[in-house]
Amino acid sequence: LTPEERAAAVASFTDGKGACGKPVKREHPILPKTGEKNVLITSALPYVNNVPHLGNIIGCVLSADVFSRFCRLRGWNTLYICGTDEYGTATETRALEEGLTPQQICDKYHALHADIYRWFNIDFDFFGRTTTPQQTEIAQD
């Protein structure tokens, strides 16, 4: 942060919400803008082998969500992305325990994660999956 940005943050804290200005209206897709401050935020990708609990939310997504809101209040072009990590032994083990295929486990728990984060009002711009064809292509490229 620049000295001016730090001073603005201090002013926002001491002067209240009015010092922040209005948040930037988001239009998707959110792409970098030349000449503007562009911020990309992501958080740890939770595994899809269980229902997320408060520790997952606090430890994975809440701090990034708070920071993305701060960035938007500063008027910065901000993209907050996250998603579920659908690979690994834990996913396969859970599928065997529940008598489902790994893909069925991924579908089930991705939906549960998305619903719970929506309930907590976690404001992702994009909440994806590591098993999509696009993600696989990008990761293998």
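These legends go with a few close-up views of a predicted model. Local features are kept at pLDDT of at least 70 and side-chain atom pairs at pLDDT 80 or more, while totals for chains, interfaces and linings use all residues. Numbering runs from 1 along each chain as its sequence is written, and side-chain values use heavy atoms, with hydrogens and water left out.

View A. A pocket here is an open set of points on a 1 Å grid over the protein atoms alone, where a 1.4 Å probe fits, with protein on both sides within 12 Å along at least five of seven lines; lining residues have an atom within 4 Å of a point. Of the 14 lining residues, Cys82, Phe126, Gly128, Arg129 and Gln135 sit nearest the centre. Strand S2 (77–84), strand S3 (126–129) and helix H5 (133–140) each give two or more residues, and S2 has the largest share, with four. Helices (H or I, at least four residues) and strands (E, at least two) are DSSP runs, numbered from the N terminus.

**View B. Helix H4 and its buried face.** Ile105, Cys106, Tyr109, His110, His113, Ala114, Ile116 and Tyr117 are buried (under 20% relative accessible area with a 1.4 Å probe, protein chains only; exposed is over 50%). Down the helix axis these buried residues fall within an arc of 165°, so they line one face of H4; the arc takes directions from the axis to the C-beta atoms. They pack against helix H2 (54–73), S2, helix H3 (89–98) and S3 (contact means heavy atoms within 4.5 Å). Exposed Arg118 and Trp119 are on the face turned away from the buried side.

View C. Asn121 belongs to the loop between H4 and S3. Its phi is positive, near 60°, in a residue other than glycine. Most residues other than glycine have a negative phi.

**View D. Two prolines between H1 and S1.** The loop between helix H1 (3–15) and strand S1 (38–42) holds Pro32, and Pro29 is in that loop too. The peptide bond from His28 to Pro29 is cis, omega near 0°. Pro32 is exposed, at 69% relative accessible area. Beyond its neighbours within four places in sequence, Pro32 touches Asn38 and Asn77. The C-alpha atoms of Pro32 and Asn77 are 7.3 Å apart, although 45 residues separate them along the chain.
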